[in-house]
Amino acid sequence: MHLRHLSVVDFRSYTSAELPLEPGVTTLVGLNGQGKTNLVEAIGYLASLSSHRVATDAPLVRFGATQAVIRGAVVRDGRETMVELEIAPGRANRARLNRSPLTRPRDVLGSLRTVLFAPEDLALVKGDPADRRRFLDELLVARQPRWAGVRADYDKVLRQRGALLKSAAPVLRRGGRRAARPAHVEGVDTASERESALHTLDVWDSHLAQVGSQLLYARLRLLRDLGPYLGKAYEEVSAGQSDTRVAYRSSLREETAGRIAAGEVPEVGELHDEVLASLAEVRGAEVERGVCLVGPHRDDVVLSLGDLPAKGYASHGESWSFALGLKLAAFQLLRHDLGDDPVLVLDDVFAELDTGRRERLAAMVADCEQVLVTAAVPADVPDTLMGRRYAVTLGSVTEVA
Amino acid sequence: MYEGAVQDLIDELGRLPGVGPKSAQRIAFHLLQADPADVERLAHALTEVKLKVRFCEVCFNVAEADRCRVCLDPRRDLHAICVVEEPKDVVAIERTREFRGRYHVLGGAISPIDGIGPDDLRVRELLTRLGDGTVTEVIIATDPNLEGEATASYLSRMLRDFGLRVTRLASGLPVGGDLEYADEVTLGRAFEGRRLIDV
């Protein structure tokens, strides 16, 4: 698929901007702070309903405006779809598909697929586990939009269970201590309160296991499918230097966590039982600390180069290439899965790579249906990848002949 | 801000569910201009509802006497109890005329975020009702959302040892609807709960 046209209104630094696009390579060139990334951010938002730069929507709306609008004309197999989003902080976003409003903006997911690589993605290698979990989950949704619903359900279960652990922890702890005293000292109310808190916790455990095991299973399968593409992509970018490994670090019991780290993907039913068993094991600690300690929200993906973990050991350039490898692997995975190319966006990528890696990356993406590149220094972008060029200056976009 | 009494009325109206500040203002000025007799009737209805309406001592549905209409009706089947979250759910099920048993209104659903646990619901009262062995089936009809499901699984755990038939309302496709408009979760549930066709 490719974008034929992008227009934004009151988005970031833009009052309004129109950007006609074509299949093939388009390069946005401009000095720092002129608004190149804002445009690719808008494209990313249209595809994923979230920004790769900020967690809240407020900074996306131009200062002084009440709402921002992003509009994209997406062409797939010769058919054009108009995707529109209205972003209004503090209110629900509104989405329209071919001018008809959708009841849930979530339904817009899948109309435009992108793989966006930006400097922030360095966090995939150097950052917190949350960054890697988000990468996996967002790729899951891009592959099958139905996972957006499962993710949302899991978050809801977590919030409810977390609230319960916080509020019930004093009751549970007190009950535990009082049990040691003579029976007549322990109030009947405390005992029954404790029992009902435990029963309620059991209920949320079973919901967490049910939704959590589905999410976990989906992530493991995704990682298994992604692995081969990652190896190939990293090798191509770095010209055959050390091999990449990805292992899922699960918060489940040691034995199962070990099997998962070794690359095994247990069935959903088994994972469900394992989550329950692991929850039972850590219940004491959970009650003590008042936090959910087991589940996909505590997991991580360990990335390594050769025998060493990438985090902490890899050089800046290696980390950069690893993150790039992950994104390119995601691109390949989506391409093979859906039989259609997502739009590839490379935001400020070339400045950080050596000449050899630049050339190889350019060669790798040459056959993609549509590639959007941003660069502050045009000379950083290999000549083979220049394509159509736009100059971005202070929130206005003009084509460079 | 308006003069004392008007602003008080707007504030009070604004606390009602579904009424924002703008609507509250509109209703307040409508009342100011309305016929005194009309306003009197509304005020009377408001006081009456608090004075007269109570909760049924058996099922906790709204009632005007000690017991609600359903619990007083001798034709109702004493062997089945349908557990719902709110009195308005009783009305919804009554409209179907499908169910001839009696009800039990919990008064909400388990939601730790809102500070509602099983002890804040009328669960203990339900267990007491089941004590004498008359009831043989409990139908759990809580809402099919996360909190309602949690309440349903909590209840089914509590009822496990009573030797009752415990059932849960089915989830699935709406009657008269189109398959293509169903969301994935509903359609997924419908698949899970599919039935053999008797020929």
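Visitor: Are F99(B) and Y103(B) buried or exposed?

Guide: Both F99(B) and Y103(B) are buried. Keep in mind that this is a predicted model.

Visitor: How do I read a pair of aromatic rings?

Guide: Two values describe such a pair: the distance of the centres and the angle of the planes. Now take a case. The rings of F117(A) and W320(A) have centres 5.5 Å apart and planes at 80°, so they meet edge-to-face. These two residues link distant parts of the chain: F117(A) sits in strand β8 (residues 114–117) of chain A, and W320(A) in helix α9 (residues 316–338) of chain A, 203 residues apart.

Visitor: Is F117(A) buried or exposed, and what about W320(A)?

Guide: F117(A) has 1% relative accessibility, so it counts as buried. W320(A) is buried too, with a relative accessible area of 2%. Back to chain B for another pair. F99(B) and Y103(B) are also edge-to-face, at 5.3 Å centre to centre and 65° between the planes.

Visitor: How many aromatic pairs does the structure hold?

Guide: Over all chains, there are 3.

Visitor: Which residue meets D225(A) in a salt bridge?

Guide: R143(A) does, at 2.7 Å from N to O. D225(A) belongs to helix α5 (residues 188–238) of chain A and R143(A) to helix α3 of chain A, 82 residues apart. D225(A) is partly exposed at 25% relative accessibility, whereas R143(A) is buried at 16%.

Visitor: Where do K52(B) and E48(B) lie?

Guide: Both are in helix α3 (residues 36–52) of chain B. They are 4 residues apart, about one turn of the helix. K52(B) is partly exposed at 44% relative accessibility. E48(B) is partly exposed at 23%.

Visitor: Which residues are linked in a network of salt bridges?

Guide: R161(A), D202(A), D205(A), R283(A) and E286(A) are linked in one.

Visitor: What does the side chain of E41(A) make a polar contact with?

Guide: The side chain of S51(A), at 2.7 Å. E41(A) is found in helix α1 (residues 36–48) of chain A. E41(A) is buried, with 0% relative accessible area. Leaving out residues up to four places away in sequence, E41(A) touches several others, among them F11(A), R12(A) and L60(A).

Visitor: Now the interface. How many residues of chain B are in contact with chain A?

Guide: 17 residues of chain B contact 19 residues of chain A. About 1,500 Å² is buried between the chains, and carbon and sulfur atoms give 64% of that area. In chain B, P112(B), L146(B) and R157(B) lose the most area to chain A, together 37% of what that side buries.

Visitor: Which helix gives the largest share of chain B's side?

Guide: Helix α7 (residues 146–159) of chain B, with 8 residues. By class, that side has 8 nonpolar, 2 polar and 7 charged residues.

Visitor: How many salt bridges cross between chain B and chain A?

Guide: The rule finds 0 salt bridges there. It does find 4 residue pairs in polar contact across the interface.

Note on methods
Residues numbered from 1 in each chain as written. Chains lettered and ligands numbered in written order. Predicted model: local features only at pLDDT ≥ 70, side-chain atom pairs only at ≥ 80, totals over all residues. Heavy atoms only, no water. Contact = heavy atoms within 4.5 Å. Buried area = accessible area lost by both parts, 1.4 Å probe. Salt bridge = Lys/Arg side-chain N within 4 Å of Asp/Glu carboxyl O. Polar contact = N/O pair within 3.5 Å; in protein donor to acceptor, adjacent residues only side chain to side chain. Nonpolar A, V, L, I, M, F, W, Y, C, P; charged D, E, K, R; others polar. Phe/Tyr/Trp six-rings, centres within 6.5 Å; stacked < 30°, edge-to-face > 60°. Buried < 20%, exposed > 50% of the residue type's maximum accessible area, 1.4 Å probe, protein only.
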